[in-house]
Amino acid sequence: MTQHTAAATADTDVVIVGGGMAGASLALLLAHHCPGLNISLLERHPLPDDTAALNLPSFDTRATAIAAGSLQIFDELGVWSALREYAAPITRVQVSDRGHSMSASLNAARESAASYAGMLGAVVENAALGPLLYRALENTGVRVLSPAEVADVTMTAAGAQLSWRPVGDETAAAQSLQARLLVVADGVDSPLCRRLGIATEEVDYHQHALVTTVGLQQDHGGVAFERFTERGPMALLPLPKRDGEHRAALVWTCEEEDWERVAGLSEKDFLSHLQQTFGWRAGRFVRAGQVQGYPLKLSLAREQVRRGVALVGNCAHFLHPVAGQGFNLTLRDCDALARVIGRAMAEPAADFRQSGPGELNLLEAYWRERQHDQQLTIGFSDRIPPLFASRSLLLGGLRQAGLLGLALAPALRAGFARQAAGLAL
């Protein structure tokens, strides 16, 4: 991997705009599945120091739940061995509805077809995930431009003509980059999508997600909790023990009228309110880090592919965090895109040199391959929160029947587990 703050006019096969987890993962996958492909990655922020030790905070850290299917992808890339040190395995998932005794449990040993290496998934802290992805990019040949931002983009018959400049250097002249495929990965509310005229459809949930790290009195035992309450769903995800403390990542979905009040509570009052709302299934909560809140919405791009352009990550689909499926869906998208391009490169009859990775037929083939998984995952993430938040007696009975079915029916439970693990494809 090479890093530049300026460069002369250059051509590339693929340019990825946005070097977050989606963009960095796609760069790795393209380098792995498409040997010989010229790849450039443009990131607005400075890169993490790839030589410094990862000294992560015990609290005030964000984390990502990585499903079993995603672990399999990272393992194939050779990344999981490095991530393992900063991950907590998920060996069991417990789904429950507050106020009702019925619950459902998914166990890695029992649902072996939906697990990977004895895990239903793992939780990795973002402060480790980003730097480790960039370390894995070393020696892949991927050209990284950072910190850099797109000044302008023009689509031509040959692909995308980008004008970019170093961030923070107002005197620097804009540089030019010609790419046969432009991959947009610059996040929700994408500036580049607006430049390209790609519209989005949004559903405002009128909710906020409160995110923090909590300390537990007892070991979590690798259990992830999905707890539905009348005020919104809560996810409690295991984190690695650090500095002698048992920790978990909390994602607490609150209604708009509640979130500022809850986020503004003192640590003592926040822990008391959390304990009362969540219950005692995870034991006693003894500490809470800084609480951060952000508004929740479903955002879907009306186009994910067009000639010379593909969208991945939050600019393509931004989901409710109820099932932790956002990044896992993105990683499956990136893996599929890299494999489709790799297959086209390997076909002797295909004139890949002429058509390139931006060919519309190739990108439409990728989109057809991904539609079913996206529709299933997005629909699940969109419909579950209203179902469990409703106080309707009829819906209450239906969701209890659903939990009973998961508890008693092995086939139903296995199918649910495989979908959650990202393996039901």
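Modeller: Helices (H or I, at least four residues) and strands (E, at least two) are DSSP runs, numbered from the N terminus. H206 is found in strand 13. Before going on, a note on the source. This is a predicted model, where local features need pLDDT of at least 70, side-chain atom pairs count only at pLDDT 80 or more, and totals for chains, interfaces and linings use all residues. Residues are numbered from 1 along each chain as its sequence is written, and side-chain values use heavy atoms, with hydrogens and water left out.

Back to H206. Its phi is near 55°, a positive value in a residue other than glycine. Is H206 buried, exposed or partly exposed? Buried means under 20% relative accessible area, exposed over 50%, and partly exposed in between (1.4 Å probe, protein chains only). H206 has 44% relative accessibility, so H206 counts as partly exposed.

Now take Q207. Strand 13 covers residues 200–216, and Q207 sits in it. Q207 counts as buried because its relative accessibility is 7%. What does Q207 touch? Contact means heavy atoms within 4.5 Å. Leaving out residues up to four places away in sequence, Q207 touches T253, C254, E255, E256, Y294, P295, L296 and H320. With E255 there is also a polar contact: the two side chains are joined at 3.3 Å. A polar contact is a pair of N or O atoms within 3.5 Å; within protein, one must be able to donate a hydrogen and the other to accept it, and residues adjacent in sequence count only if both atoms are side-chain atoms.

C254 is another residue that Q207 touches. C254 is buried, because its relative accessible area is 4%. C315 is in no disulfide, and the nearest cysteine sulfur, that of C193, is 4.6 Å away. C315 has 2% relative accessibility, so C315 is buried.

For contrast, look at two loops. N139 lies in the loop between helix 4 (126–137) and strand 9. Phi of N139 is near 65°, a positive value in a residue other than glycine. N139 is exposed, because its relative accessible area is 77%. P147 lies in the loop between strand 9 (143–145) and strand 10 (148–156). The peptide bond from S146 to P147 is cis, and its omega is near -10°.

Key
A disulfide is a pair of cysteine sulfur atoms within 2.5 Å.
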